[in-house]
Amino acid sequence: MAKITVNKDLASERAKCEFNVEELTNYLDGGRENTARRRRMEDKVLSVKELRDEIPEEYLSHKEKYENAIRKAVLFYKVQKSLDDPNQSDHERIRNSYRSTITSAIFKDNSPLTLHIVMFIPAIIGQGNDEQREYWLKRAKNMEIIGTYAQTELGHGTFLRGLETTATYDPATEEFVLHSPTLTAYKWWPGGLAHTANYCVVMAILYTKSKNCGIQPFIVQIRDEETHMPLPGIKLGEIGAKLGYNTVNNGFLGFDNHRIPRDRMLMRNAQVSKDGTFTAGANSKLTYGTMVYVRVLIVNNMANLLAKAVTIAIRYSAVRRQSKLKPEDPEPQILDYVTQQHKLFIGIATSHAYSRTALWLWDHYAKVTSELNAGKLDNLPELHSLACCLKVLSSVDAAVFVERSRLACGGHGYMLSSNLPQTYGLVTPASTFEGENTVLLLQVARSLVKAWQQMLNGRQLAPSMAYLADQKQLDRWDGSVNGIIRAFQKVARGKLAFSVANFEKYQKMGLSREDAWNKASVQLTAAAESHGRAIVVQVFKTETDRIASSLSPPLRKALDQLVELFTLYWALERLGDLLLYSPLSEVDVRDMQARYEELLEKIRPNAVGLVDGFDIRDEILNSALGAYDGRVYERLMEEALKSPLNAEPVNSSFHKYLKPFMQGKL
Ligand SMILES: CC/C=C\C/C=C\C/C=C\C/C=C\CCCCC(=O)SCCNC(=O)CCNC(=O)[C@H](O)C(C)(C)COP(=O)(O)OP(=O)(O)OC[C@H]1O[C@@H](n2cnc3c(N)ncnc32)[C@H](O)[C@@H]1OP(=O)(O)O
Ligand SMILES: Cc1cc2nc3c(=O)[nH]c(=O)nc-3n(C[C@H](O)[C@H](O)[C@H](O)COP(=O)(O)OP(=O)(O)OC[C@H]3O[C@@H](n4cnc5c(N)ncnc54)[C@H](O)[C@@H]3O)c2cc1C
């Protein structure tokens, strides 16, 4: 095997690291065996050479990109399937795969089968009755059928009660008639819908006995299983090129009085009997369960994508030398600039914060789901609120810090060969899909305002909101991490109190409840955001303390530094709030700033070790700037030479256009 020559700056960074990198990787994976299992899976997938691209994806046409993605998706699925442990429950399988980023080695822009796995199958599990699950799950899990989740329409994504697709029950034939009455009723966006899926879960307004019975899920065949032609009454297509997700095959779908049998309505929650009688579910919002599930998964996805971006940027910053710190010294590594550390170390800490929070949320989700299955619905509102607020914060922060990682790489970060632009293309839509972020913050605000009323009525609050009932003043600023967490809670409480007061004031001034809500909504969403910040810092600190207690002192120290950095970063970012709602003085602010700068200095020698600890292989990073060996310039040149324009010394356009133009003949 050829010996890898590692860039000497990266090698000396690795020699400086104060903790054992493998121990960090094991900690992130949840144990040595999990690391070994993940690596075995990566080895196996990467050994299949047909899964690699011969020509970089960016040089393919839109159509070729899709065809290539489908070719790989099928193969990738088969390899993954062969590695499945049949003894694992779905919950364990998903939890154990939280650190797996192998999909990125195969698709720079995601897989056209994503929605089948992430939403179609979960929708059947969550919305189908036992009989429907038995039939459809078997087919879907065996890939006999491929599906997607078709909810959003051209005219409505957020406001689900405004969806226009109708499913009208016809008792004479015991069928539902699916119809798109207008252009804006066309389903628009579902991944895989255009040319991949032959089935989908369609969310439509149910009409039976001439009554609107709200949104219900229907499993609908859209293409012939043999010919893959769209079925009669079905109009299908692709929605076109996008900022990212270009291999996901997002599509549109219209129905022209398309009939499906009665048993195609997924009837776990609500039912329609043969004669058309509608029986509502225990809670109509259970129909939204698939979205809650994906919001929970997104938190983890954001942590992983951020880990990728910051690995690339930190390694590059250790290799890149630029400018002068001292006139007599050689050009320093750009990682020695404290501004560069400020830009990037928070990205490392944030990825840790969300991967811990994501696991915590997943366990909470699993607990509440099993309660729901047993008919206990009490904790559903809190789960919905938590999933909304953590999906929002993780997607916003990931987008900011991925883009910051890209900018921190200067011009080379703009190259697709850095893989940073594509990584941004994968994080930024998460602020929109699965519930647009402002809209979800308003949902969180709604639950907080309710909690506020409950508190005033002396009722017990859900655990994640219990701090709102803490009336005690924060008498003294002690600057500790726990003290700052308490201060964040005070901020959230204070902002909520202020927005509730304004909401009530606007109503007293004569505005309707809805108008008062709209007028107070900037403050309400700010309160919801602060609530989310308080939760993330607290979960990050508590979960790190809980899990890291058995780690070696050097690693424990490095993790504590990340928790402290994350806390101080957000305290400094939100100084205005802290000054308003906590006893913070100017001296305390100066002290925090100094501690933050000291922390950057302490983390500096461990920076490369920290990103090595994410253990993201070169094939997954897919980046000329971020490879383990740091051969940045060689790789940039190698990638440049792959440009099809470099295949010939003179391009034909010279003779066709440039030459005649320069010679005044055109
Ligand atoms: C191979 C794969 C690799 C990796 C994948 C890993 C991870 C995944 C990563 C990426 C994902 C990949 C692809 C993603 C593709 C994205 C797919 C989509 O976008 S699907 C479409 C998603 N659409 C939405 O999210 C729509 C957002 N809108 C809504 O949710 C709702 O309309 C609304 C805004 C909540 C309002 O609904 P509605 O108008 O019906 O509500 P009301 O005002 O009548 O009632 C509010 C009332 O209901 C409660 N509530 C609302 N939602 C829920 C819920 N889900 N659960 C429980 N309760 C809910 C709310 O709290 C109010 O309660 P009240 O205050 O009245 O007690
Ligand atoms: C990459 C990608 C993949 C997707 N995949 C799928 C899929 O597989 N299946 C699927 O069904 N859908 C999918 N979607 C659609 C996605 O779920 C919707 O785009 C999303 O729910 C937002 O809805 P919208 O586009 O209608 O935004 P809008 O609701 O029109 O939002 C536009 C603006 O209006 C504001 N706004 C809207 N309502 C309110 C309100 N009540 N209060 C205050 N402000 C408001 C928003 O904050 C935002 O600023 C996907 C989208 C993307 C980008």
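Tutor: A strand is a DSSP run of E at least two residues long, and strands are numbered from the N terminus. Please keep in mind that this is a predicted model.

Student: How should I read its surroundings, and does V272 count as buried or exposed?

Tutor: A residue is buried if 20 or more other C-beta atoms lie within 10 Å of its own. V272 has 23 C-beta neighbours inside 10 Å and therefore counts as buried. Once its neighbours within four places in sequence are left aside, the residues in contact with V272 are Y169, T208, R262, M265 and F278. H258 is 14 residues away from V272 in sequence, and the C-alpha atoms of the two are 18 Å apart in space.

Student: How is the packing of two helices described?

Tutor: One gives the angle between the two axes and the distance between those axes. In this structure, α11 packs with helix α16 (residues 521-548) at an angle of about 85 degrees, and their axes are 9 Å apart. Since angles of 65 to 115 degrees count as roughly perpendicular, that is how α11 stands to α16. On the α11 side the contact is made by C389, L390, V392 and L393, while α16 contributes A528, H531, G532, I535 and V536. Sorted by class, this contact has 7 nonpolar and 2 polar residues, with no charged ones.

Student: Which residues come nearest to ligand 1?

Tutor: The shell around ligand 1 has 33 residues, of which K285, Y288, H384, F433 and G435 come nearest. Two or more residues of this shell are given by each of α7 (114-127), α9 (289-319), α11 (380-407) and α13 (437-456), and the largest share, 6 residues, comes from α9. The shell divides into 15 nonpolar, 13 polar and 5 charged residues.

Student: And how many residues surround ligand 2?

Tutor: There are 23 residues around ligand 2, and the closest are Q151, T152, G157, T158 and T438. Both β1 (149-150) and α13 supply at least two residues of this shell, with α13 giving the most, namely 3 residues. By class, the shell around ligand 2 contains 10 nonpolar, 11 polar and 2 charged residues.

Student: Which residues does the UniProt annotation "domain: Acyl-CoA oxidase C-terminal" cover?

Tutor: That annotation, which comes from an unreviewed UniProt entry, covers residues 482-663. In the model, the chain over residues 482-663 is 77% helix and 0% strand, and the C-alpha atoms at its ends are 74 Å apart.

Methods
Residues numbered from 1 in each chain as written. Chains lettered and ligands numbered in written order. Predicted model: local features only at pLDDT ≥ 70, side-chain atom pairs only at ≥ 80, totals over all residues. Near = placed C-beta within 6 Å. Helix = DSSP H or I, 4+ residues; strand = E, 2+ residues; numbered from the N terminus. Nonpolar A, V, L, I, M, F, W, Y, C, P; charged D, E, K, R; others polar. UniProt positions renumbered as here; feature names shortened; annotations may be inferred. Axes fitted to C-alpha atoms, helices over the stretch in contact; angles between N-to-C directions. Parallel < 35°, antiparallel > 145°, perpendicular 65-115°, else oblique. Contact = placed C-beta atoms within 7 Å. Buried ≥ 20, exposed ≤ 12 C-beta atoms within 10 Å, placed from the backbone.
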